[in-house]
Amino acid sequence: MKILVTGAAGYIGSVVTELLIEQGHRIVAMDNLAHGHRAAVHPDAKFAPIDLLDAESLKRLVAEEEVEAVVHLAAEALIDESIRNPGRFFRANTTGGINLLDAMSASGVKRIVFSSTAAVYGQPKEVPIIEDAPKDPVNSYGESKLAFERIMAWYRVAFGLNHISLRYFNASGATERFGEFHVPETHLIPIVFEAALGEREAMRLFGSDYDTRDGSCVRDYVHVVDIARAHILALEQIDTIGARAYNLGNGSGYTNKEVIATVEQVTGRKVNVIPADRRPGDPAVLIASSDRIRRELGWQPQIPELTTIVETAWRWRQKHPRGYEV
C-alpha cells in the first residue's frame with residue numbers, strides 16, 4: 001500500500017518505516033523535525049517536511065500522494081513538559097490529529113493505526129492493565145492522546161473510519177539502522193548509558209523502598225521492533241477489525257535496578273547511582289496486559305529479554321555516539 005507515516009523521523013517512526021519498506025510498502029514519511037532527525041528518515045521513503053498544524057498542506061499531501069492508509073506516530077511526548085504547557089500538547093496531539101483526520105476524510109482514506117500510549121490509564125488500580133481499565137490520565141500528554149482516540153470513534157460514525165489504537169509504555173532497543181536519540185534524554189536505558197559513558201555524573205534512582213522484588217519501580221519495556229510489528233499487524237487486519245484498542249506488554253516487567261545491572265553487564269562499565277526520593281505520582285508497578293493483541297492479532301514480543309533489548313540499543317549507541325548529529 002501507499003502509507004503515510006507521521007512522525008517518521010522519530011525513534012519509533014523510523015523503525016516502523018523501516019519494517020514497512022522491507023515488506024514492500026511505499027512510504028510517505030512526514031515529520032516537522034521539531035524532535036525528529038532528518039537522518040532518521042529511511043532513504044527509500046519520500047520525505048514530507050510538514051507539520052500537523054498546517055492543515056492545508058496536510059490535505060494536499062494526502063490527496064496528491066493518493067495515500068491508502070495512515071500510521072500516526074507524530075506527537076509531543078515529554079511528560080513533565082505536558083504538565084507545564086498543556087496547550088502545546090493539545091494543539092499538537094489533538095488539534096493536529098483532527099487536521100489529519102480531516103485530510104483523510106477529504107480524500108476518502110479510511111485506515112489509521114494510531115500510536116497511542118498507556119498513559120491514557122493514569123494510575124492503574126490493577127496490574128497488568130487491561131484495555132477496559134478506567135481511563136484517568138494524570139497529565140495532558142495522556143489526556144490529549146485519549147481525546148484523539150475518542151475523536152476517531154466519531155469519525156468512524158461520520159466517515160466509516162477504521163482505526164486501531166496501540167497503547168504501550170517504554171519503547172526500547174534499536175535496529176542496526178535506527179535507534180533512540182533524544183535531546184534532552186528522558187528514557188531510562190539511554191540515561192543509564194550516559195551515566196556508564198561518563199556523559200552524566202551519575203544516575204538518580206528515584207525510590208528504593210517500593211513494594212517490589214528489589215524496592216525499585218517495575219516498568220514494561222517493549223522492543224521497538226516488536227512495537228513496529230504490532231503496527232504492521234494492525235494495518236494488515238484493520239479492515240476486518242474496524243475499530244479496536246490494544247495494549248502492548250512484555251510480560252512481568254523489569255525493575256529500575258535490574259535495568260541498571262543489565263546495562264553494566266552489557267557495557268562492562270560501572271554506573272554511578274545516587275539514591276533519590278520517590279517522584280510524586282510514580283506507581284510501584286506499570287505493566288500492560290497484551291492478552292488481547294496476542295489472541296486477536298497473533299502478536300507476541302520476539303525480543304522480550306532485557307539483556308537482548310539493551311544489547312541492541314548499546315550496539316546502535318556505539319556506532320552512533322552522537323546520535324543523529326553530524
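In the predicted model, the count of aromatic pairs comes to 4. One of them joins Phe114 and Phe148 in an edge-to-face arrangement, with 4.8 Å centre to centre and 70° between the planes. Phe114 belongs to strand E5 (residues 111-115) and Phe148 to helix H5 (residues 140-159), so this contact ties together parts that are 34 residues apart in sequence. Both Phe114 and Phe148 are buried.

Another aromatic pair is formed by Tyr155 and Phe159. Here the rings are tilted, at 5.5 Å centre to centre and with 40° between the planes. Tyr155 has a relative accessible area of 14% and is buried, whereas Phe159, at 41%, is partly exposed. The value for Phe159 lies between the limits of 20% and 50%, which means that the residue is assigned to the intermediate class.

A further ring contact involves a charge: the charged end of Arg278 is placed over the ring of Tyr210, 4.0 Å from the ring centre.

Turning to strand pairing, an open sheet of 3 strands is found in the order E12-E9-E14, and its pairing is mixed. Strand E12 (254-255) and strand E14 (285-286) are the edge strands, each pairing on one side only. Strand E9 (residues 218-219) pairs with E12 in the antiparallel sense over 2 bridges. In this pairing, Val218 stands opposite Thr255 of E12.

Key: Residues are numbered from 1 along each chain as its sequence is written. This is a predicted model: local features need pLDDT of at least 70, side-chain atom pairs count only at pLDDT 80 or more; totals for chains, interfaces and linings use all residues. Side-chain values use heavy atoms; hydrogens and water are left out. Two strands pair if DSSP finds at least two bridges between them. Helices (H or I, at least four residues) and strands (E, at least two) are DSSP runs, numbered from the N terminus. Rings of Phe, Tyr and Trp (its six-membered ring) pair if their centres lie within 6.5 Å; planes under 30 degrees apart count as stacked, over 60 as edge-to-face and the rest as tilted. Buried means under 20% relative accessible area, exposed over 50%, partly exposed in between (1.4 Å probe, protein chains only). A charge sits over a ring if NZ of Lys or CZ of Arg is within 6 Å of the ring centre and within 35 degrees of the ring normal.
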